[in-house]
Amino acid sequence: MALSGGIDSSAAYLLLKKAGVDVLPVFIDHGLMRIIQGKEEWEHIKEMFPDVMIVDIRDEFLPQIFGEGDAEAKRKLFKKAYSSTFDAIIRAEKCEILVDGTILPDLEESFGVGMDQIKETMSFEEETALREAQKGKGFVKSQHNVEITYDVEATVQPVAPLTKNQVRNVLEYLGMPHHWVYRKAFPGPALAARIIGPVTAEKLTFQKKIHDLVESTVDKYYLRKHGKAMIINEKGEQEPFQIFAATFEDAEKSEVTGLRDGLRTYDSPKIVSGDWDFDKLVTEAREIEGFNRVFYLLGGQETGTFDAVIRSINSIDARTATITKLPIELLNDLKDKLLAIPEVRNVYFDVTEKPPATIEYV
Ligand code: XMP
């Protein structure tokens with residue numbers, strides 16, 4: 001079973017254990033996972049699931065992705081590394097079934113097929129035909145873990161009909177600690193989805209540093225204020241659903257992803273500065289034309305090399321997202337901390353909802 005440590009695969013794994021299935025949980029360490037509070041992702045996962053098998057593919061994988069700037073190409077490299085690693089484990093361990101933590105929005109956004117179109121009575125052939133018919137009509141993104149055929153009797157996706165909030169309910173029911181139930185979602189292509197343009201070793205080190213600083217600072221703020229790092233707000237959203245930083249060589253000159261009529265688009269962000277007015281900025285971004293996003297400039301310094309963009313969104317199921325109303329004092333604190341890192345040039349806060357933006361930048 002592919003156990004990334006995210007809540008989806010954690011729920012799938014615990015359900016299998018509860019069902020008494022003989023399961024081998026496998027975590028692939030490709031080198032692009034986040035660091036939280038100074039600890040690598042694999043360390044957090046090992047702590048929670050001591051029987052996890054860690055497969056280290058950093059030495060083979062990182063040289064492949066270094067230099068790659070195209071968003072779809074990055075996803076494809078992930079998919080290839082992921083599937084070939086599991087192929088090898090399936091052979092070595094003589095596995096009969098492969099399990100992963102795919103959830104509903106992953107399937108919908110990859111195939112453009114809604115769960116309501118899939119009937120339980122459908123044969124595999126009918127389901128495949130439906131997906132094929134949908135192909136070519138466009139998709140939001142190609143997931144790294146769907147549409148792979150392994151040499152096993154079946155690929156099983158125990159949480160595929162669920163959305164993120166429902167998965168959290170399952171984890172809560174199974175008695176997982178709060179900090180795990182409310183872990184911030186993290187994308188399959190990992191930090192490659194947050195390094196805009198070509199991935200390099202230097203950018204990866206930088207990205208890990210700024211991600212940890214931003215996620216950990218906001219976690220601490222929520223813990224102080226609410227006693228937990230994620231709340232369910234009055235709109236029923238998980239707040240913040242995701243909080244992270246992204247690395248840009250030059251944010252103003254870059255192209256970032258947007259979502260128009262259900263399809264992914266690439267366009268530049270509009271940079272704004274001046275008075276801080278959260279509601280006005282979010283409204284401006286919602287109605288934006290000719291750009292994909294609005295980045296509010298928090299501050300900068302001449303000497304840096306990379307721009308850092310802070311993104312904090314609230315969401316129910318990642319299909320849509322609103323912007324977390326972080327107080328300007330907290331944003332300024334984040335800016336000051338980021339500007340204390342010599343490589344940081346400008347610090348922005350992305351105020352664009354999904355749609356018209358996507359949550360990630362690739
Ligand atoms: P977007 O950027 O498409 O993200 O609005 C929606 C949610 O999905 C996560 N994400 C991914 N997860 N493989 C994944 O497993 C991917 O290729 C991928 N791309 C985005 C993202 O973090 C957000 O929660």
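Me: Which residue of β13 is the bridge partner of Gln238?
Reply: Ser315 is the one in β13 that partners Gln238. This is a predicted model, where local features need pLDDT of at least 70, side-chain atom pairs count only at pLDDT 80 or more, and totals for chains, interfaces and linings use all residues. Residues are numbered from 1 along each chain as its sequence is written.

Me: How many bridges join β8 to β13, and do they run parallel or antiparallel?
Reply: They run antiparallel, with eight bridges between them. Strands pair if DSSP finds at least two bridges between them. Strands here are DSSP E runs of at least two residues, helices are H or I runs of at least four, and both are numbered from the N terminus.

Me: What about β7, how does it pair with β8?
Reply: Strand β7 (residues 231-232) pairs with β8 in the antiparallel sense, over two bridges. Ile232 has Gln238 as its bridge partner in β8.

Me: Which residue in the hairpin of β7 and β8 takes a positive phi?
Reply: Gly236, with phi near 85°; that hairpin has five residues between the strands.

Me: Is β8 buried or exposed?
Reply: 11 of the 11 residues of β8 (residues 238-248) are buried, so the strand is largely enclosed by the rest of the structure. Buried means 20 or more other C-beta atoms within 10 Å of the residue's own, exposed means 12 or fewer, and partly exposed is in between, with C-beta atoms placed from the backbone.

Me: Switching to α11. Which residues are buried there?
Reply: Leu331, Leu334, Lys335 and Leu338.

Me: What covers the buried residues of α11?
Reply: The cover includes α9 (201-226), β12 (293-300), β13 (306-315) and β15 (344-350). Contact here means C-beta atoms, placed from the backbone, within 7 Å.

Me: OK, zooming out. How many helices and strands does the protein have?
Reply: It comes to 11 helices and 15 strands. The radius of gyration, taken over C-alpha atoms, is 20 Å, close to the 21 Å that the globule rule gives for 362 residues, so the protein is as compact as a globular protein of that length. That rule is 2.2 Å times the number of residues to the power 0.38.

Me: How much of the protein is buried?
Reply: 40% of the 362 residues.

Conventions
Two residues are in contact if their C-beta atoms, placed from the backbone, lie within 7 Å.
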